[in-house]
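Some notes follow on the model shown here.

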2 protein chains.
Amino acid sequence: MRQEAFAAAGCAACPVRAEGLCRHLSVDDRSLLHIAPRHVGPGSDLFYQGEPSDEVFRIREGWAFLYELLEDGRRQIVQFVLPGDLVGFHPEVTAPSFGAQAVNSMELCVIPRLRLVEVAHRRPNIAYQLACMFSHDEARAYDRLTSVGRKTAIERIASLLLELFYRLRRRAPEAPGEMLKLPLTQTHIADALGLTPVHTNRTLALLRQKGVIDYGNGLFHILAPAKLFAIAGIDPGSGAEAATLFH
Amino acid sequence: MRQEAFAAAGCAACPVRAEGLCRHLSVDDRSLLHIAPRHVGPGSDLFYQGEPSDEVFRIREGWAFLYELLEDGRRQIVQFVLPGDLVGFHPEVTAPSFGAQAVNSMELCVIPRLRLVEVAHRRPNIAYQLACMFSHDEARAYDRLTSVGRKTAIERIASLLLELFYRLRRRAPEAPGEMLKLPLTQTHIADALGLTPVHTNRTLALLRQKGVIDYGNGLFHILAPAKLFAIAGIDPGSGAEAATLFH
DNA sequence: CGCGATTTTGAGCACCTTCAATCCGTGTGG
DNA sequence: CCACACGGATTGAAGGTGCTCAAAATCGCG
């Protein structure tokens, strides 16, 4: 089968083959899962809010985000999805309450939902791994909720930059120190933080003016990490949020 | 063993024995889990933000909430915990980023964390059930995030009342129609929605004045459910949030 | 009855929004 | 090669939702 060939050949070259879900998959599991590759362009939707989908996606390359829309067009980005993440698996739920959209050009592994359910029921390690992933995502959602509910604009932006920085850094520890390649527009950041693009821009400018960060062309420099932690209201030593940040 | 006796005798009378995690537990599983009962009073902490805990709790009676505190005392309630819920299980994480506090008088089943990990690794159904619970909690967190990030005060309050109403109703379908017994203070509601108690009070008064709800003595009446849905910005027919609400 | 917690109401202020215009980098077509 | 269009970033000015500070009223409870 072509798909099994891909699962074998494709996985060997996969940049995220040793992380998350795939770390626990045996060769048998992989063939059972009927994994198929897919490429999607920027702005493509992986699945839509309120519409049932039978596909689960594992991200090999590229960024996406999960979002909810209100009737009048207001948008909340509830999570950013990075390489190695699994999205689209909603056990026991037919229609997801959120959609998923690609930010840039993405390489995905597509897994039929029922296959994953089947494997999860057969292999406790897989099911447990899924539980761990959901639990971790939940903790991040709680941190974001605290950010949006109780922090000022500058605190929120500092927190988000740190979150993204450490999520990227965990996957690529060899990458240069405080550089952050963000394929996001300021509108994305605004929608993730419950702000307007205008105020997001002003607040980013303020951070730049303070010498804490610099940015341009989709690149963010963290010039003063300690200051950024202080502004975010996170104690890198003992802060509770730091736990989610570093794990 | 006394604990096993409780697990047998206690479970028979447990109001949530047929829901969630316990639905899939065999008698053997139960004795393996070393379940022990506990009573805690209002305001007690089940576990603390940033402090490792080896106990997992299943709620038999009473309400609690999960919350995060900032350095300066700002508090965000990230979730309400109702009878039948499981709290305190953070796989692969030593120190939780949030704490849990009892709202009123509670009856709990306490499970040693390692026991639950063990059983989850042995029984795929249990691990899968955990994944389902986390996934569902995550979806609720996303809905709340959308609420706090993108909705006005009156929309947020309407959304929260509907969420709590339907969560309670699912467990007790026989309960009277639009009555809602909330053991919460207005400060709890404010902290869950990213508002101040003062503004929460004014907004609740506005809802009462509009004839949509009435309240007092910890009881909330939903006088006009359709209006409440409309104010919350939720379409009970096809709205995406409705999916999380009704499931 | 008296105390503390909670709810309620008032007035002024601030953070963030809204509306609007301009600037800039990139890609496209003439 | 330049004009043009387009999305995104930037800046300005005015207004509003929700906050802060403060005090009074009400409720629950010993």
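1. Helices here are DSSP runs of H or I with at least four residues, strands are runs of E with at least two, and both are numbered from the N terminus. The model is a predicted one. On that numbering, A:Lys151 falls in the loop of chain A between helix 5 (124–150) and helix 6 (153–171).

2. Is A:Lys151 buried or exposed? Its relative accessibility is 4%, so A:Lys151 counts as buried, the limit for that class being under 20%. The side chain of A:Lys151 comes to 3.0 Å from the backbone oxygen of A:Ala232. Apart from neighbours within four places in sequence, the contacts of A:Lys151 include A:Arg156, A:Ser159 and A:Glu241, and also B:Leu70 and B:Arg74 from chain B.

3. The interface of chain A and chain B involves 59 residues of chain B in contact with 59 residues of chain A. About 4,800 Å² is buried between the two chains, and 62% of that lies on carbon and sulfur atoms. On the chain B side, the most area is lost by B:Tyr128, B:Tyr142 and B:Arg150, which together account for 18% of what that side buries.

4. Polar contacts across this interface number 20 residue pairs, with both residues at pLDDT 80 or more. Several elements of chain B supply at least two residues each to the side that touches chain A, among them strand 4 (64–69), strand 5 (75–81) and helix 10 (240–246). Which element of chain B gives the most? Helix 5 does, with 21 residues. By class, that side of chain B has 27 nonpolar, 16 polar and 16 charged residues.

5. Four salt bridges are found across the interface of chain B and chain A. A salt bridge joins A:Asp191 and B:Arg150, with N to O at 2.6 Å.

6. Over all chains the structure holds 26 salt bridges. In one of them A:Glu163 pairs with A:Arg144, and the closest N and O atoms are 3.1 Å apart. A:Glu163 belongs to helix 6 and A:Arg144 to helix 5 of chain A, 19 residues apart. Both A:Glu163 and A:Arg144 are buried.

7. In chain B, a salt bridge links B:Glu19 and B:Arg171, with 2.9 Å between the closest N and O atoms. B:Glu19 sits in the loop between helix 1 (2–12) and helix 2 (20–23) and B:Arg171 in helix 6, so this pair ties together parts 152 residues apart in sequence. B:Glu19 is partly exposed at 23% relative accessibility, and B:Arg171 is partly exposed at 31%.

8. B:Arg122 and B:Glu118 also form a salt bridge, at 3.0 Å from N to O. The two lie four residues apart in helix 4 of chain B, which means a separation of about one helical turn. B:Arg122 is partly exposed, with a relative accessible area of 48%, and B:Glu118 is partly exposed at 33%. In chain A, salt bridges with shared partners join A:Asp85, A:Arg144, A:Glu163 and A:Arg167 into one network.

9. Helix 6 of chain B (residues 153–171) has 19 residues, so at 1.5 Å a residue it should span 27 Å; its end C-alpha atoms are 28 Å apart, which agrees. Of the 19 residues in helix 6 of chain B, 15 are buried.

10. A:Glu92, in the loop between strand 6 (86–87) and strand 7 (99–102) of chain A, has a positive phi near 65°. B:Asn217, in the loop between strand 10 (213–216) and strand 11 (219–222) of chain B, has a positive phi of about 60°. B:Asn217 is exposed, at 84% relative accessible area.

Notes
Residues numbered from 1 in each chain as written. Chains lettered and ligands numbered in written order. Predicted model: local features only at pLDDT ≥ 70, side-chain atom pairs only at ≥ 80, totals over all residues. Heavy atoms only, no water. Expected span 1.5 Å × (residues − 1). Buried < 20%, exposed > 50% of the residue type's maximum accessible area, 1.4 Å probe, protein only. Contact = heavy atoms within 4.5 Å. Buried area = accessible area lost by both parts, 1.4 Å probe. Salt bridge = Lys/Arg side-chain N within 4 Å of Asp/Glu carboxyl O. Polar contact = N/O pair within 3.5 Å; in protein donor to acceptor, adjacent residues only side chain to side chain. Nonpolar A, V, L, I, M, F, W, Y, C, P; charged D, E, K, R; others polar.
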